[in-house]
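I begin with a pocket, then turn to a cavity and to the packing of helices.

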Amino acid sequence: MTELLGRDEFRTALENAIKGREAKNASFSKAWAEGKLEKHHFARWAENHYHYVGPFADYLANIYSNTPDNFTNAKDFTLQNMYEEELADIRHTDLLIKFAEACGTTKERVEDPSNMNAITRGLQSWCYAVSQREHFVVATAALVVGLESQVPSIYKKQIVPLREVYGFTEDEIEFFDLHITSDVVHGERGYQIVLDHADTPQLQQRCLQLVQWGAEMRFSYTKGLYDTYVAPDLTLATA
């Protein structure tokens with residue numbers, strides 16, 4: 001039987017569950033960071049990304065409702081994340097739409113679920129299923145550690161070419177600047193919830209499994225954007 005891991009050992013195991021599966025290393029992220037995409041590719045990204053991150057407060061609400069009342073700190077952390085996604089200063093999705101419009105698409109297209117691809121629909125459905133069905137600490141591990149904690153490392157690479165290669169204004173790329181800072185905080189809250197409350201070997205192992213799956217889901221989602229929207233353009237260009 002697997003033994004209960006110490007706090008430091010468990011933290012390292014959670015971080016290792018993401019390694020080798022980081023979305024920053026997927027083909028779409030690499031092409032973005034290297035300045036190889038065009039603005040219409042960013043528009044397609046935004047039309048998909050809205051339907052992954054748009055319901056994030058809903059995922060968190062499911063986790064919140066599944067968290068017993070005596071886990072006050074965990075409930076408070078989750079509620080604070082929900083507030084910051086939806087109500088603090090400006091809705092994150094409004095900033096995403098502003099960027100999308102700067103890329104040539106429209107608010108109506110971004111909000112239309114028919115404009116996301118099948119892999120994005122799968123990621124969204126997985127997030128809903130995990131948040132509804134898993135133990136609150138496992139769902140937190142999957143969605144906040146496995147998915148959300150990766151955001152700063154992704155956007156730090158992507159925001160530079162948005163400024164220097166594509167010429168977006170600071171106002172147009174506020175979505176990325178905000179998440180570079182806010183998701184450091186959100187990710188660390190997630191780690192603390194998991195470290196504090198995954199208090200059996202079974203819960204720890206389930207958390208590690210779901211963090212790995214979460215990282216794999218985000219990698220596949222990001223690669224799917226390249227395969228769906230970028231690769232066909234390259235094929236046409238060389239035909």
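**Entry 1: the second largest pocket.** I looked up its volume and found about 180 Å³ of space in the second largest pocket. The model is a predicted one, in which local features need pLDDT of at least 70 and side-chain atom pairs count only at pLDDT 80 or more, while totals for chains, interfaces and linings use all residues. Residues are numbered from 1 along each chain as its sequence is written, and side-chain values use heavy atoms, with hydrogens and water left out.

I noted the rule for such spaces: on a 1 Å grid over the protein atoms alone, a pocket is an open set of points with protein on both sides within 12 Å along at least five of seven lines, a cavity is a set where a 1.4 Å probe fits but cannot get out, and lining residues have an atom within 4 Å of a point. Grid points are joined across faces, edges and corners, and a volume is the space filled by probe spheres set on the points.

The lining of this pocket includes Ser27, Lys30, Ala31, Glu34, Tyr226, Val230, Asp233 and Leu234. Helix H2 (27-33) and helix H12 (201-238) are the elements that give it two or more residues; helices are DSSP runs (H or I, at least four residues), numbered from the N terminus. H12 gives the most, with four residues. I recorded the lining by class as five nonpolar, two polar and five charged residues. Here Ala, Val, Leu, Ile, Met, Phe, Trp, Tyr, Cys and Pro count as nonpolar, Asp, Glu, Lys and Arg as charged, and the others, Gly among them, as polar.

**Entry 2: the second largest cavity.** I counted four cavities of 30 Å³ or more. The second largest cavity has a volume of about 80 Å³. Of its 13 lining residues, Ser29, Trp45, Ile154, Gln158 and Thr222 lie nearest its centre. Two or more residues come from each of H2, helix H3 (39-53), helix H10 (151-164) and H12. H12 again gives the most, with four residues. The lining divides into eight nonpolar, four polar and one charged.

**Entry 3: H3 with H6.** I found that the axes of H3 and helix H6 (residues 92-102) come within 8 Å and cross at roughly 160°. Axes are lines fitted to C-alpha atoms, for helices over the stretch in contact, and angles run from 0 to 180 degrees between N-to-C directions. H3 and H6 are therefore roughly antiparallel (angles over 145 degrees; under 35 is roughly parallel). Contact, meaning heavy atoms within 4.5 Å, involves residues including Phe42, Trp45 and Tyr50 of H3 and Leu96, Ile97 and Phe99 of H6. By class I recorded 10 nonpolar, two polar and one charged residues in this contact.

Entry 4: Helix H4 (residues 56-66) and helix H8 (residues 118-133) have axes that come within 8 Å and cross at roughly 15°. H4 is therefore roughly parallel to H8. The contact is made by Asp58, Tyr59, Asn62, Ile63 and Asn66 of H4 and Gln124, Cys127, Tyr128, Ser131 and Gln132 of H8. I classed these residues as four nonpolar, five polar and one charged.

H4 also packs with helix H9 (residues 136-145), at an angle of about 160° and with the axes 9 Å apart. That makes H4 roughly antiparallel to H9. Phe56, Tyr59, Leu60, Ile63 and Asn66 in H4 meet Phe136, Ala139, Thr140, Leu143 and Val144 in H9. I noted eight nonpolar, two polar and no charged residues there.

Conventions
Parallel < 35°, antiparallel > 145°, perpendicular 65-115°, else oblique.
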